Amino acid sequence: MNEFSRRDFGKVLGSASAAALVSAHSTAASAAPVELRFPKDFRWGCATAAYQIEGAVKEDGRGPTNWDVFSHTPGKVVGGDTGDIATDSYHRYAEDTQLLKNLGVSTYRMSLAWSRIFPEGRGKPNQKGVDHYNKVIDNLLANGIDPYVTMFHWDYPAALPGGWQNRDTAKAFADYAGYMAGQISDRVKNIMTVNELRCFTDLSHKVGIHAPGLKLPDAEVNQVRHHGVVAHGLAVQAIRAHAKAGTQVGIADNTVFYVPVMETDDHVAAAKKATREMNAMFLTAIMEGRYIDEYLTQEGANAPKVQPGDMEAIASPLDFLALNIYAPEWVRADDSPRGYATIPHIPSSPHMASPWLIVGPEVAYWGVRQVSELWKPKVLYISENGASADDPLQNGRVDDADRVMYLRNYVSQFHRAVAEGYPLKGYFLWSLLDNFEWADGYSKRFGIHYVDFKTQRRIPKLSAAWYKEVIRQNRVV
Ligand code: GBH
């Protein structure tokens, strides 16, 4: 590399050093394997969510939730599965901590069940619920694992009238989030408000496949979406008001990312525009503090009713942004007024065990890059990435080479984003263990630990061995 190109490369990398992130085994002219190495302080973790793992739905004063009601309604979840027992992690959390410790992760993303703290959504807190999470958090810390806590991962107290259709739920959520921030922020340094706005609004109220299973008209869906972002914003404010100074506050969003069909300026620009416009009601509103014209024009009379102060709350500054990245959307530049055309997935699009989980590793790179270019977050995390697989259990082993393939390709693309200097600081693999996969029940496995749901025995899959090695060597293996 001559002086000029070396300096150029250095500029792209920002503070990161090229040599440290991409290194060759030897200086031999040929056949030197290039290693994709991560920065020393890169944080590796795993993610789970309360309703998907805890079980113990009637224990210690927990109130019923939207998902208890939904999963017990015949026909809503594959196989009639429920979260009543799940992976029994309410009782087995110490065992799960040991799984994490064995992997060598430095972080763990978990969520709190709102209805364990406020069984009816508001009112007097249930001390037993608080005690439980204190035990879980203390157990993680005692094992050298830093918990990242999500306040809402889709399970809300069924007693809240109207759920997210009711604006008051946003206020109740903020009160709960603020209260819990006050309880845990002496030990928990990173808090996320909500998980995946699009899922708990659209999938629950428009598509109807998630609790409470509604198919509302557009105007009402837009209002639910608005209540979702307001809830996030009010929670940011409440957490800041009650948490210890220095607590880092963010959101875990499943922004839909548009991947350019080829890496040329026109397609790259078209994809970035698509990402901004297609997420107008969620992340774009949060980062820009307004509903952009493209969205308002498109929705017309169905646009959400916004009250004074809402947009300021929604745009409350964040310390970090966290992204759940799974399937890509492909997009190309187009002559139409909006300048892009999305390309539908077709039967030959490769996917994992879940039909929706199209394999498109480049989305990992483009997601990080687009968000960085559009809104310049200070710190980014991948709050979820992972895959479902069929996981044959044979002779006590689960050789999930396909999941390893998926993860290796996505992690390689995250590496590219880090190497180019984008502020990606950590990665949470979904999921630590097989669990209740929402409407798919236990029919889809996302874990890197296999769970035998009859015995609750956990068996590390090949992907757990792979991840452990990634963490140990801090590079793609
Ligand atoms: C995330 O959802 C969630 O945060 C996590 O709880 C979940 O377990 C994990 O990822 C794996 O799914 O059946 O075609 O109508 C990802 C969002 C929600 C996308 C369910 C696919 C079903 C689409 N997913 N959705 S479809």
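What is the volume of the second largest cavity? The second largest cavity of this predicted model has a volume of about 40 Å³. The largest pocket holds about 1200 Å³ of space, and the ligand takes up that pocket. Because the model is predicted, local features need pLDDT of at least 70 and side-chain atom pairs count only at pLDDT 80 or more, while totals for chains, interfaces and linings use all residues. Residues are numbered from 1 along each chain as its sequence is written, and side-chain values use heavy atoms, with hydrogens and water left out.

**How space is defined**

- Rolling a probe the size of a water molecule over the atoms shows where empty space is left.
- On a 1 Å grid over the protein atoms alone, a cavity is a set of points where a 1.4 Å probe fits but cannot get out, whereas a pocket is an open set with protein on both sides within 12 Å along at least five of seven lines; lining residues have an atom within 4 Å of a point.
- Grid points are joined across faces, edges and corners, and a volume is the space filled by probe spheres set on the points.

**The largest pocket**

- The largest pocket is lined by 45 residues, of which Arg-198, Cys-199, Leu-203, Asn-254 and Val-256 are the closest to its centre.
- By class, this lining comprises 23 nonpolar, nine polar and 13 charged residues (Ala, Val, Leu, Ile, Met, Phe, Trp, Tyr, Cys and Pro count as nonpolar, Asp, Glu, Lys and Arg as charged, and the others, Gly among them, as polar).
- At least two lining residues each come from α9 (197-207), α11 (265-278) and α13 (293-299); helices (H or I, at least four residues) and strands (E, at least two) are DSSP runs, numbered from the N terminus.
- Helix α9 gives the largest share of the pocket lining, six residues.

**The ligand and its surroundings**

- Around the ligand are 16 residues, the closest being Gln-52, His-153, Glu-384, Glu-437 and Trp-438; a residue is counted here if one of its heavy atoms lies within 4 Å of the molecule.
- The shell around the ligand consists of nine nonpolar, four polar and three charged residues.
- For Glu-384, a polar side-chain atom lies 2.8 Å from an oxygen atom of the ligand, and for Glu-196 the corresponding distance is 3.0 Å.
- Taken alone, the ligand exposes 570 Å², and the protein buries 78% of that (areas come from the Shrake-Rupley method with a 1.4 Å probe; for residues, only the protein chains shown count as cover).

**Cavities**

- The model has four cavities of 30 Å³ or more.
- The largest cavity has a volume of about 160 Å³; among its 17 lining residues, Ile-53, Ser-89, Tyr-93, Tyr-108 and Val-136 are the closest to its centre.
- Elements α3 (50-53), α5 (89-103), β4 (107-111) and α7 (127-142) each supply at least two residues of that lining, and α5 provides the largest share, five residues.
- The lining of the largest cavity has 10 nonpolar, five polar and two charged residues.
- The residues lining the second largest cavity include Asn-66, Trp-67, Phe-152, Cys-199 and Ala-211, with α4 (66-71) and α9 each giving two or more residues to the lining.
- Three residues, the largest share of the second cavity's lining, come from α9; by class the lining divides into seven nonpolar, three polar and no charged residues.

**Backbone features**

- Ala-211 and Pro-212 are joined by a cis peptide bond with omega of about 5°, and Pro-212 lies in the loop between α9 and α10 (218-242).
- The peptide bond from Trp-430 to Ser-431 is also cis, with omega near 10°; Ser-431 lies in the loop between β15 (424-430) and β16 (449-452).
- Ala-86, in the loop between α4 and α5, has a positive phi near 50° although the residue is not glycine.

Key:
A polar contact is a pair of N or O atoms within 3.5 Å; within protein, one must be able to donate a hydrogen and the other to accept it, and residues adjacent in sequence count only if both atoms are side-chain atoms. A molecule sits in a cavity or pocket if more than half of its atoms lie within 2 Å of its grid points.
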